[in-house]
Structures are given as C-alpha cells and as structure tokens.
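Hi,

Here is the structure I said I would pass on. Have a look at it first, and then read on for what turned up.

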Amino acid sequence: MKGSDTIVINKNKIEAVGKFEELQSLIHSNTEIINAQGKTLMSGFNDSHIHIWKVGNLKTFMLDVRGTKSLDEMLSMLEDYSRQYPDVAWVTARGFNEAAWKDGRLPTKDDLDKVIKDKPVYVIRTCAHIAIANTKALELSGITSKTNVPEGGEMQINSNGQPNGIFSETSLGLITKHIPAYTKSELKQMVKTARDEMYSYGITAATDPAVDPLLLEAYYEMNDANELGFRLNAIPIILPDGGENPYPIPSMFSSDFFNVNTVKFFSDGGLSGKTSALKRHYKNSNEQGILRLKKEQYFNLCKAAMTKGLGVATHAIGDAAIEFVIDIYKNLNTSFPNIIKRIEHLGLPEEKQLRDMAANDIAASMQTIFISELGKNFIKYLYEDYLDHCYPVKSVLQHGILNALSSDAPVVKDFNPLKGAQAAVTRKTNEGEIIASNESISIEEALKAYTVSASTISNTPQFGSLQKGMLADFILLDKNPLTVSPEELTSIKVEKTFVDGKCVWKKIN
Ligand SMILES: [Zn+2]
C-alpha cells in the first residue's frame, strides 16, 4: 500500500499494513519487531511457468551444458563427465544452443560418438523440444531407419538412410522411454535443490507446468510431509511424448501450499529451435514448425478435464498453434465460462487472436526473459514482420488479457524475475539488440505480472500481494525496483525471503 511503512504478521498471515504509529495497538509484549532500515519490502515473486525439478536436475543428476560456446566445448564436457561418473548408466545433458556456437549447426550422433561410444548419451537442446542421441542410445532404444515416428514428431535421417541421432517434439519419447526413470526421492532432492535458488531470487511461489504421474506423487508426498517450503501449483501433463494413451485426468486439490487445478498440453515446439508452428516460413528456410495435437483428441481431453473442474494450459508459441488452441478454447468457453484457459508462452499472436483471447477470457503466461537469453535465436530464425510482434506483452495488456510473466527455466539459465522484468521494459537481448521496442511495458506492470497476476492465473488468490488477510510471503530488497533505472534492476539484491511468515533464506554477506 502506498505510504505504508509497516507490516504486521500474525502467525502466517498479514494482519495489517499501514504506518508504524497507527499500528501500535497491534504490538504485544511477545511481538518481534524487525527494523527493515529503509529497505524495500514487497510480495514474494511467483514464477507462473518454471520446470522446478529440471532446474534442480541440472545441479544434481544431469550435466548442464548451457552457455557452451562451441560444439567442441560441449563434447569435452560430456567426455569429462562420463569419466568422472563411471557408474551412470546413461549420460544425459541439457542446454546447448547451436545458435550461440561458431558453426551454428545441430550436433548429430557422429559428433557424440567421437567422445562416448560405450555408453548411451542423450543431449537435450536448451528448448527441450529437440534432442540428440548417440549410436549406443539408438541401439538400446531399438531405433533403426524403419522405426515408426509418432505423429507430431520428427526423426532425422542422414545421407546413408540411417537416423542421424536428431529427434524433435513427440519423437523424443522414442528414446526417453528407455532411459531409467528417476526415483521419487531423487525428484524430491531436485526440487529442494531448485528451491534454494528460487529463494535467492525472492521466488516464494511457482507453477510447475509439466508434471508427470510420478512427479505428482512426489509433490503430494512433499506436501503431506510439510517439505515443500514454497507455494506450488502443479500442472499435470495429459499426453506423454510418443505415448499412445493419455494419462488419467487428475483430481483437483487445493491447500495453502499445494494446488492442482489445471492440466497441460503442448500444441507446438519452441521458436529458438524452429519447431513452433508458424503460418509463414522461418527465415531462409522452408520450415514452418510442428503442430503436435490432434484436434478431436485434444478437444475431448480438454472437455473431460473441465468437466472435473480443472483448467487447461496449452503450450502455443507460433501463430498457427495459437489459432489452433484458441479455436478449441472458444468452443469450450460456452459450456465452461469460468474455468481457467491459459496459453503458455504466446510468442507470436496476431492482432485478431488477441481480440479473440480477450473476448473468450483466455489468459497468457509469457516469458519476456526469453528476449534477453534467446533473442539472438529469434533474430536468426524470424523475418522482421514476426520479430516486430514477438512476445508482445504491451499489446496483450492493452487488450485486457490477464498475463503472468514467468521464466520457463531451465530453458533460460538466469531465471531472476528482475531480469524478466528488465527485459519486459528494455526489450534488449544479452547481445544488446532490441526486439519489438513498441511492446515495452513499465516496471510496475512487469512486477504485477510476476506477483498478483501470477496468483490470479494460478487460481491461488490467498497470496501474491501485501494486504490484510493474505498469506505472509514477502521479500526484502536492498533497492526499490520502482525507483531505479531499468538497467539497474538486475543489480538489486534480495536480502531476505519469507514464506508463511518465516524467514526461509538470507543473503550471506
Ligand atoms: Zn515450459
């Protein structure tokens, strides 16, 4: 609240917000008074689309190859890793971005074979929509040139008529189903590892937008054991990659720390790897991306979920995919007007599609943070007319569409919400180029999208702002984001993070 300097917490809730002098009557003999010494207090951030366990996985069981500058650098990391961990059955890695490499091409099985032959290797591109397997991995997965590729996926074939190791979209399942699954306790370890990094950025609430049945069990167990430590909205996936049969539609669950109220679908791939479904071509290419869903199956599954009261979130980046999803949502809106309908990413919507979204109460969870880290790919792969309205946050807000900002980490390495807010304002890539400057929003709008709007889109209105009666999740910053320049946003440090009224993280000086 403007002009307030004091917040009173009673147990895990905000009891009052106002001026210190006016709140004296609420101070008792056992009240602990913390003097914030002029620091900025704000609501904790809510990342409405972050693959929490995968963030933790890259710090525990999977090699992190984000930020590599060349194919050779990645190959030598793989070689070292496999030597360092001889007991690992499959060498898995994630995060390369060939657009940042000198020769700019995707690796193939031949590249991987050069460094690891005796063990299966599976390397996921930064977008998680493309992956490369070595020859051993292809053998163990029983993949040959005759393998049936699932609809909505691709398996590339080389000049000898053999698979070259590059897979995209639903075809990733051809390999992943042969990689030993993580155990529940490993998954929990990954979530806890990710949580510490989230706290350091002031993130107190998050939505995991792709939860499979085992992870869902792990989350339920963590919630039952009071181990989550942050507000988690879990969005189960319904169609596994490469799988024939949908997972069962989950039940709704709602509590202060854990919520299940939405299910997830993927309608296309990622822009940074040219798999998002476009109406026109990618730059200097005849590719238009991949549409992954079958209309009738998608409609029926959405309907089944909504009948159980669950919302639907669908990944859609390209204009062709966005149109496909809006069509289905529009159809369902008459029967299920009050149920959450989300579009994840919304990278390249057309003007008419934004009007349709507003008219049919369709919300968005967008990632301005992509502009900074993946902007160079957008510039490389998109013609100007697409770049001009890439991640058009301002237009989305002007149409009155509910939009929450998020990171989609580990797609990006740095998932600091203040970095996402900065990119929303400056529209600048890490290399200093500007993308669609007319889509810039204010810092205040960006912060709202990372707090209040994220709570609204997650259907968890009990936190997300500093008001009486709200759950006490807040952070202490060394500077006020509303008064610094956009360039300074990322220099702001989180000093303390509070969840449920308790300090859970402190900056070590
Ligand atoms: Zn995602």
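Before the helix pairs, one convention on handedness: a crossing is called right-handed if the near helix is turned clockwise from the far one by less than a right angle, and left-handed if it is turned anticlockwise. Also keep in mind that this is a predicted model.

First, the overall picture. The protein has 16 helices and 22 strands. Its radius of gyration is 23 Å, close to the 23 Å that the globule rule gives for 509 residues, so the protein is as compact as a globular protein of that length. Along the principal axes, the C-alpha atoms fill a box of roughly 80 × 55 × 45 Å. Of the 509 residues, 49% count as buried. If you take the contacts with a separation of 6 or more, 72% of them come from residues 24 or more positions apart.

Now the helix pairs.

Start with H6 (residues 184–200) and H7 (residues 213–224), which pack at an angle of about 65 degrees with their axes 9 Å apart. Angles of 65 to 115 degrees count as roughly perpendicular, and that makes H6 roughly perpendicular to H7. Their crossing is right-handed. On the H6 side the contact is made by Lys 184, Leu 187, Lys 188 and Val 191, and on the H7 side by Leu 214, Leu 215, Glu 217, Ala 218, Glu 221 and Met 222. Sorted by class, this contact of H6 with H7 has six nonpolar residues, four charged ones and no polar ones.

Next come H9 (residues 319–333) and H10 (residues 351–359), whose axes come within 10 Å and cross at roughly 25 degrees. That makes H9 roughly parallel to H10, and H9 passes H10 in a left-handed crossing. Here Asp 319, Ile 322, Glu 323, Ile 326 and Lys 330 of H9 meet Gln 353, Asp 356 and Met 357 of H10. The residues of this contact divide into four charged, three nonpolar and one polar.

The last pair is H11 (residues 369–381) with H14 (residues 417–426): the axes come within 5 Å and cross at roughly 75 degrees. H11 and H14 are therefore roughly perpendicular to each other. Ile 369, Ile 371 and Ser 372 of H11 make the contact with Lys 419, Gly 420 and Ala 423 of H14. By class, that gives three nonpolar, two polar and one charged.

Where does Val 65 sit? You will find Val 65 in the loop between strand S5 (63–64) and helix H2 (71–84). Val 65 has 22 C-beta neighbours inside 10 Å, so it counts as buried. Although Val 65 and Arg 94 are 29 residues apart in sequence, their C-alpha atoms are 5.7 Å apart in space. Setting aside neighbours within four places in sequence, Val 65 is in contact with Met 74, Met 77, Ala 93, Arg 94, Gly 95 and Phe 96.

Leu 397, on the other hand, is found in helix H13 (residues 393–398). Leu 397 is partly exposed, with 19 other C-beta atoms within 10 Å; the cut-off for buried is 20 or more. Again leaving out neighbours within four places, Leu 397 is in contact with Asn 403, Ile 441 and Glu 445. The C-alpha atoms of Leu 397 and Ile 441 are separated by 8.9 Å, with the two residues 44 apart along the chain.

Finally, some backbone geometry to check. Most residues other than glycine have a negative phi, and most peptide bonds are trans. Against that background, the peptide bond from Ala 409 to Pro 410 is cis, with omega near 10 degrees. Pro 410 lies in the loop between strand S19 (403–405) and H14, the helix that also packs against H11.

Asn 459 has a positive phi, near 60 degrees. It lies in the loop between helix H16 (452–457) and strand S20 (474–477), and with 15 C-beta neighbours inside 10 Å it counts as partly exposed. Asp 500 has a positive phi too, of about 55 degrees. Asp 500 is in the loop between strand S21 (494–499) and strand S22 (502–506), and its 19 C-beta neighbours inside 10 Å make it partly exposed.

Cheers

Terms used. Residues numbered from 1 in each chain as written. Predicted model: local features only at pLDDT ≥ 70, side-chain atom pairs only at ≥ 80, totals over all residues. Axes fitted to C-alpha atoms, helices over the stretch in contact; angles between N-to-C directions. Helix = DSSP H or I, 4+ residues; strand = E, 2+ residues; numbered from the N terminus. Parallel < 35°, antiparallel > 145°, perpendicular 65-115°, else oblique. Contact = placed C-beta atoms within 7 Å. Nonpolar A, V, L, I, M, F, W, Y, C, P; charged D, E, K, R; others polar. Rg over C-alpha atoms; globule rule 2.2 N^0.38 Å. Buried ≥ 20, exposed ≤ 12 C-beta atoms within 10 Å, placed from the backbone.
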